[in-house]
Amino acid sequence: MSVSDSETSSHGGEYKMFRQVTRDRLLYEMIKASHSKESRSMWKVLIMDRVTMKVISHSCKMADITDQGVSLVEQVFKRRQPMPGMDVVYFVQPTDENLALFMHDMTGRTPMYKKAFVYFSSPIPKDFIGRIKADTTVIPRIGGLSEMNLEYFPIENQVFVTDHERALEELYGDDADTTPEYDVCLREMAIRVATVFASLKEFPNVRYRVKPTDGSVETTFRELVPKKLALAIWEYIKSYQHTIPNFPQSETCELLIVDRSVDLVAPVIHEWTYDAMCHDLVDLDGNKYTMEVPNKSGGAPERKDFLLEDHDPVWLEMRHLHIADASERLSDKMDTLMSTNKVAQLQQKDKSELSTRDIQQMVQAMPAFNEQKEKLSLHVEIAGKINKVIAEEGLRDLGQIEQDIVFGDAGNKELLEFLEEYEDRNVENRLRLMMIYALADPEKFEGDQGAKLMELADLTPQSMIFINNMRLLEGPPKPKKPEPSGGFLKGKKKANTALRKDKQGEEETWALFRFFPVLEELLEKIDKNEMPKDEYECINESESSSSGRPAGPGGRTGRGGGQIRSRRKAAQTKSDDGHSSDSVVKNATVDLKHLGQRIFVFIIGGATRSELRICHKLTAKLKREIVLGSTSIDDPPNYITKVKMLSFSGYGC
């Protein structure tokens with residue numbers, strides 16, 4: 001039972017990006033390779049369960065699957081018509097239910113399919129082979145039986161989720177560690193993350209976050225979640241060294257495991273990129289946006305669904321830009337299209353002036369023009385909606401106070417002044433602001449002070465419970481650091497409540513583009529091999545010291561064995577075309593031939609759009625593919641709903 005011998009990891013062979021590797025394994029290693037010599041038909045049936053159906057749908061299009069000879073896609077648990085003349089590919093989880101359904105399909109005198117090729121999405125229980133061998137009628141009908149080891153959901157080129165939407169509740173809620181859901185969630189999560197490394201044939205340095213403690217406060221079960229997940233993943237990965245041919249025996253990449261407490265600001269602060277604002281302020285169904293388009297028959301406009309995904313070049317260009325930058329570029333693109341496109345120019349002419357040749361050219365070019373115009377119109381409409389919400393809800397002023405609090409430029413006085421003047425009635429916006437302030441200055445939320453702040457923010461007492469839920473994800477309150485002694489300070493004094501320090505040597509072209517997630521600093525430290533060992537323990541180093549073997553490479557070595565250099569560029573400036581140089585970096589095409597070792601980061605409890613953006617940005621900057629994994633991708637409304645559902649009784653505030 002093995003995966004393909006093809007080299008896909010960053011330690012050798014042709015380099016392929018994360019999602020491409022996933023797609024290629026499913027299409028070529030599994031579907032295309034599953035064909036019996038005696039079969040007369042090139043067509044086959046593909047059978048999946050609920051989980052593997054999602055794996056396939058996130059990785060491949062239906063056309064990709066049919067190109068590899070699949071004529072019918074079925075669900076294993078549904079009633080199906082027998083097709084005894086066709087081969088079948090089963091891609092399912094290794095569960096008792098799925099095994100029983102497979103055995104039922106292929107046993108007896110008249111099996112449902114001619115030859116079965118069975119691929120399990122994760123390691124199989126030890127008794128599975130024995131149970132299959134026990135039925136002598138099934139064995140000759142099996143063309144192949146393999147552990148595919150692919151059970152994650154690649155939702156973007158460099159992003160995957162394990163689909164544990166309730167991870168916060170099941171792992172961090174009151175007494176969560178005493179429930180069966182706790183163990184199931186951790187086990188499934190570990191399996192799915194581990195199969196990422198099986199697919200890419202990567203053996204990682206596994207680091208996990210450890211909460212610093214002075215010994216005065218007992219470690220809680222919540223603080224041990226990253227360690228437990230890391231150890232479980234490690235066990236699966238170690239087993240691959242014995243079960244997967246050509247799996248690396250030494251470290252080839254980096255894996256960092258953290259939970260949501262590493263940065264509680266990122267999920268609630270207003271992020272000002274086009275991508276983040278689409279998901280925060282626009283009514284999307286996942287990545288789907290519905291827009292009215294002209295009816296081709298000339299009737300009333302019809303509604304059409306659009307997906308904001310990697311196949312849309314306009315989306316790829318705009319998604320990580322500041323909303324103001326994106327709006328300007330979209331407007332310029334539309335103006336350019338309408339002023340320079342041949343079809344647009346001909347449409348503006350008087351019909352009597354059009355020659356037969358003009359009309360012929362217009363008809364030929366019309367489909368391409370309409371497609372271009374439709375894509376641009378989509379994003380122009382979305383950007384317009386975003387800017388309307390920004391104006392109506394006073395988000396510029398709100399965003400300014402949010403970032404001032406985060407960077408220590410505003411405190412209690414400025415917050416109170418803002419609340420007195422802020423007229424927007426959006427309750428969630430005020431709650432998000434108070435959540436940020438509670439993280440910056442928790443003492444202000446103790447006792448009656450908290451109740452008064454809630455009243456000033458025009459929030460109900462119930463909101464204090466939500467704020468406490470968020471704060472308690474951090475664990476027990478930490479002793480406040482003593483204030484520095486007096487002295488003469490030059491410039492503006494930073495409040496001691498600052499949650500971030502400004503990046504040295506980086507200046508932003510656009511206002512409200514100052515915030516960055518903690519993940520950015522962590523990834524840069526990994527690249528430089530500067531992770532603090534007291535906060536981020538490495539399982540490999542523990543194993544090395546106990547076994548006496550040399551430690552791994554530490555993540556600095558590139559594909560050719562050279563050192564990866566990482567230096568922050570000088571202050572951001574406008575390039576000749578008027579766009580920020582940082583934006584150019586974000587949208588630069590990555591040279592796959594010169595990428596160093598991959599860096600994987602997994603966030604328990606949901607990742608944010610700002611963290612997703614940073615992974616793309618640093619991939620281009622550090623020249624190392626950064627793959628972000630999480631239990632889910634949460635936009636602020638989703639995250640706040642999850643925080644509201646938490647139940648805590650551990651610590652008082």
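Modeller: Before we look at anything, a definition: two strands count as paired if DSSP finds at least two bridges between them. Strands (E, at least two residues) and helices (H or I, at least four) are DSSP runs, numbered from the N terminus. This is a predicted model, where local features need pLDDT of at least 70, side-chain atom pairs count only at pLDDT 80 or more, and totals for chains, interfaces and linings use all residues. Residues are numbered from 1 along each chain as its sequence is written, and side-chain values use heavy atoms, with hydrogens and water left out.

Colleague: OK, which way do β13 and β14 run, and how many bridges join them?

Modeller: β13 (residues 599–604) and β14 (residues 626–630) run parallel, joined by five bridges. Val601 sits opposite Leu628 in β14.

Colleague: What is the strand order of the open sheet?

Modeller: Its seven strands go β6-β7-β14-β13-β9-β8-β12, with mixed pairing. β6 (153–156) and β12 (536–538) each have a single partner strand, so one side of each has no neighbour in the sheet.

Colleague: And how do I read side chains along a strand?

Modeller: In a regular strand, they alternate between the two faces of the sheet. Take β8: Pro204, Val206 and Tyr208 point one way, Asn205, Arg207 and Arg209 the other.

Colleague: Which residue of β12 stands opposite Tyr208?

Modeller: Glu537; β8 and β12 run antiparallel, with three bridges.

Terms used: Buried < 20%, exposed > 50% of the residue type's maximum accessible area, 1.4 Å probe, protein only.
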